[in-house]
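The sequence and structure come first, and the description follows.

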Amino acid sequence: MAVQSDGWSWFLPLAAGVSLFKCLFINAYRSTDFEVHRNWLAITHSLPVSSWYHENTSEWTLDYPPLFAWFEFGLSKVAQHFDKNMLLVENLNYASPETVMFQRLSVIFTDLVFIFAVRECSRCVQVQKVSRDILDQPSFVLSVLLLWNFGLFVVDHIHFQYNGFLFGFLLLSVAKHLQSEHLQGALLFSILLNLKHIYLYVAPAYGVYLLRDYCFTRDVKDGSIGWRSFSLLRLLVLGGIVVSVFTLSVGPFLGQLPQVLSRLFPFKRGLCHAYWAPNIWALYNILDKVLVVLGVRLKLLQEAELPRASMTGGLVQEFQHSVLPSISPATTLFCTLLSILPAVVSIWRRPRGARGFLRCLLLCALGSFMFGWHVHEKAVLLVILPLSILAVESREDAGIFLLLSTTGHYSLFPLLHTPAGELLIKVCLMLMFTTFSFTALRRLHRGKGSLLRPLEVFYLLGLVAVAIACEVVFPLSPWKHRLPFLPLLVTSVYCSVGVCYSFLRLYLSLPADSVKM
Amino acid sequence: MQTWSLVSICVLLGVVVRWGVSLNSYSGAQKPPMFGDYEAQRHWQEVTYNLPVQEWYFNNTDNDLNYWGLDYPPLTAYHSWICAYIAKIINPEWVELHRSRGYESPAHKLFMRTTVLVADVLIYIPAVVLYCLYLADGSSKKKVSTLFCFLLYPGLILIDHGHFQYNGVSLGFALWGVLALGLGWDALGSMAFSLALNYKQMELYHALPFFCYLLGKCVKDGLMGRGLFLLVRIAATVLATFALCWLPFLSDPSQALQVVRRIFPVGRGLFEDKVANTWCSLNTLIKIRSILSGDFQLYLSFALTILAVLPSSIRLLTKPTFWNFKLALVNSSLAFFLFSYQVHEKSILLVALPICLLLNDLPFTSAWFLQASTFSMLPLFLKDGLLVPYAVTSAAFLLLSICLLSVLDHCSEEEMELCTYKKLLFCHPKMDLACIVRWKFYISIAAMAGLSILSVALEPPRHLPDLFPVLVSTIAFLHFLGTFIHFNILQFSKLPSRKRQKKNN
């Protein structure tokens, strides 16, 4: 190819290509999230600020922080030129062609933030050796892994969400930290927290790292804290930035703060989504079910005494476990904090620069995914995307990335559940991404043995078998009507094993991380 | 190992892009009473499944030939029969005689789109992959880049998976024929091409080069020895293939005659709708359709077509090399497109395929032509509601050709045989023709993009309701005429020595 390996001439065509590709799927399947965002456009456009968080004509009430509401308000100003009718709150499930076009294009357009962030991240990647071949360049591989990420593409441009825009802020913030621009990183993260509060998952990493690495200006020789070098000025500047962003965002809603908080943190929902996210609770649930079945068979339990509520019912509802103790939100919070404690303590005691912070961020995100309350399987992207940065630099991380990304991406398959229509798209895109990630990462880290252990390869091949069973065999089998949630169950449980294993591997890589400043 | 992973990524991308385009509308969607090509294909499934073979091409109460009567050769009918058989298993309502007319549903659309994709994946895509890997020269990176551009050529994707047709099958068979001839398997190549001919009669555009190349090869091998043996083998293969395809119709001569009458309708006029060929463009200046009589139009177009196709065919006959064969495919199909009778705008795909074969050797001219060919079908796409896929795939193809194939680096004087032009036009020898050509390219792309936007954004003036389709077809015609002249010059010019060594086989 005539693209130069020393310049960045390949970046713009790559970004332009993926943007054009996204436009092809404007008419593909949309989930209810489409109506959610249309409703928010209507609410922010037609109603005064004081009723944004009180409005509940539609079941999809506003449950993102205020800055996102302002973002939707800005979008609605453009939307009125496409189709004024989408901005009427009463028009539930309104989906004219202009509405679809506008919403889809808005996602593609706001992805520019993500594209910019990817460029910044690729610039921070360390280059081991200079090569003419473009596939040998870590920055090229990283750009493709991020720009053409299967999970992000499928969730944003088919299922419909604005994750590209949000992840742009996250990756930009990480890139700024990698470039030692800590204040800018903090500013971007504060803005991000006020756009979507799910990023609270990684707030501990930010808080501890910034306190430790930025506020303590000097380290003692062995890397431990130099208590005397605490800089109050830096702490105040940092605090000032965070507080001012929060004030700007929450300020207009100060009077309705309890209502806003109740919308943002709806703990009435169950431990798991209707489709269990592949975390530890999925394994907990299946263990409970197995024990129930065993108990009934061995006559240890009376079937009549068991609670009727089913965990695999289609609705999101509270349920109780039958044999094992029930899990409450407090329990999950406790488990989450326990799981991320070692990582946080590790960067407090010995921060290994921005890459150590990135590793801690990943562990916080994955820990929260594993043990959190009502986790959505889309949250696995919070781990996969930043992990790509580490994957192009270190062999160990590349192995973890291959395992986690393949498992995590496969766990997103049930999101596109229309029969046959989107099956081809998700299978082809998944194969494309997997082929590229395996080939490119193998090539980048060649010469030092294989990236995956035999057991992991066996697990991934099993994933293929599960995929064929769930997508092809099951719909044609007689059990389709008796046990409609069986493929979801199998997918969820099988992927949980992979995700839990990756969590352990990522933790094990913590002390072994080589010193990189 | 790595080439194969890149190739599989290419193929997967090609498949996903095709499926993405097929999410859009098709020809004649929700437009009773006649609908469009989609309904025609569905109707052929209905006819071939429910009626016996003898009645497929005849007009009777069960088979109204005025409502999308079968007008393709038997292989299309057999393909429709296979699709109908599967359709019947899934939902019999789709092919019920008479009652399924105008049947439209999301599930049915999914089924029809799947049949096109399956045909593409089984026939067209493997041929493209094998051609790019084994018959295109250059580094493996160059082969993969060529494969990308070949698979993502917008015109074929938009017509097959958007408008709805099965060109991938006939073009695929023709490509297998070219592939076989390139590898020296002449009998297999002729069999593949015969299958293509029996799928769509428009493949006759490519028939003359196949004939001249094989005949020339036989003559070169000596008509008294090996050449005769080869000739007999090829003739026998062709006859056997034709016999096999027409078997049900050979029992009764009237049957065969009726099929021929259906597939060559000489009752229609010189051209229909706006098409970027000589007659339609001439018609904007002089109304030849009304001036000349119907028979005279037929003879005139016949004569001019023969005249246009003669030079390249004779050249191929005398010098039967593979390079000449590829050039002759371009020249012959372009001559037929420009001067023949009852040409449809979709027939440009028959020219686009041989041009795609030259993406590796002449990237600049090929990519430019392919862009223009997609543009020439713009009015059709607008009628079918395919604006977004058209814009996206054309822009993507332009991006791919500039970045992957780096076409702008390949418009040097030597590569484009511009010295011949210099002699013909008596230009100053120091004039930088390459720079002029590059600027012509920029202006052309700008004009095509601008006219596309105008066609959508503006309403045509009331006294010129066809303004935009006419402008589109005239501009496209100028591009095609220029390509025709250029490739004829190429066929007769001496190759630079580097290429000459590779092309003579």
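Over all chains, a search of the whole structure finds 23 salt bridges, a salt bridge being a side-chain nitrogen of Lys or Arg within 4 Å of a carboxyl oxygen of Asp or Glu. This is a predicted model, in which local features need pLDDT of at least 70 and side-chain atom pairs count only at pLDDT 80 or more, while totals for chains, interfaces and linings use all residues. Residues are numbered from 1 along each chain as its sequence is written, chains are lettered from A and ligands numbered from 1 in the order in which they are written, and side-chain values use heavy atoms, with hydrogens and water left out.

| Lys or Arg | Asp or Glu | Closest N and O atoms |
|---|---|---|
| A:Arg123 | A:Glu120 | 3.6 Å |
| B:Arg18 | B:Asp120 | 3.0 Å |
| B:Arg42 | B:Glu46 | 2.9 Å |
| B:Lys141 | A:Asp133 | 2.9 Å |

A:Arg123 and A:Glu120 both belong to helix 4 (residues 97-124) of chain A, where they are three residues apart, about one turn of the helix; helices here are DSSP runs (H or I, at least four residues), numbered from the N terminus. A:Glu120 counts as buried at 6% relative accessibility, whereas A:Arg123 is partly exposed, with a relative accessible area of 48%; buried means under 20% relative accessible area, exposed over 50% and partly exposed in between (1.4 Å probe, protein chains only). In chain B, B:Arg42 and B:Glu46 both lie in helix 2 (residues 37-50), four residues apart, and both are buried.

B:Arg18 is buried at 1% relative accessibility, and B:Asp120 is buried with a relative accessible area of 1%.

Where do the two chains meet? The contact (heavy atoms within 4.5 Å) takes 32 residues from chain A and 29 residues from chain B. The area buried between them is about 2500 Å², of which carbon and sulfur atoms give 80%; buried area is the accessible area (1.4 Å probe) that two parts lose on being put together, summed over both. Across this interface the rule finds one salt bridge, that of B:Lys141 with A:Asp133, and three residue pairs in polar contact (both at pLDDT 80 or more). The elements that give two or more residues to the side of chain A that touches chain B are helix 1 (11-23) and helix 17 (423-444) of chain A, and helix 17 of chain A provides the largest share, 10 residues.

Note on methods. A polar contact is a pair of N or O atoms within 3.5 Å; within protein, one must be able to donate a hydrogen and the other to accept it, and residues adjacent in sequence count only if both atoms are side-chain atoms.
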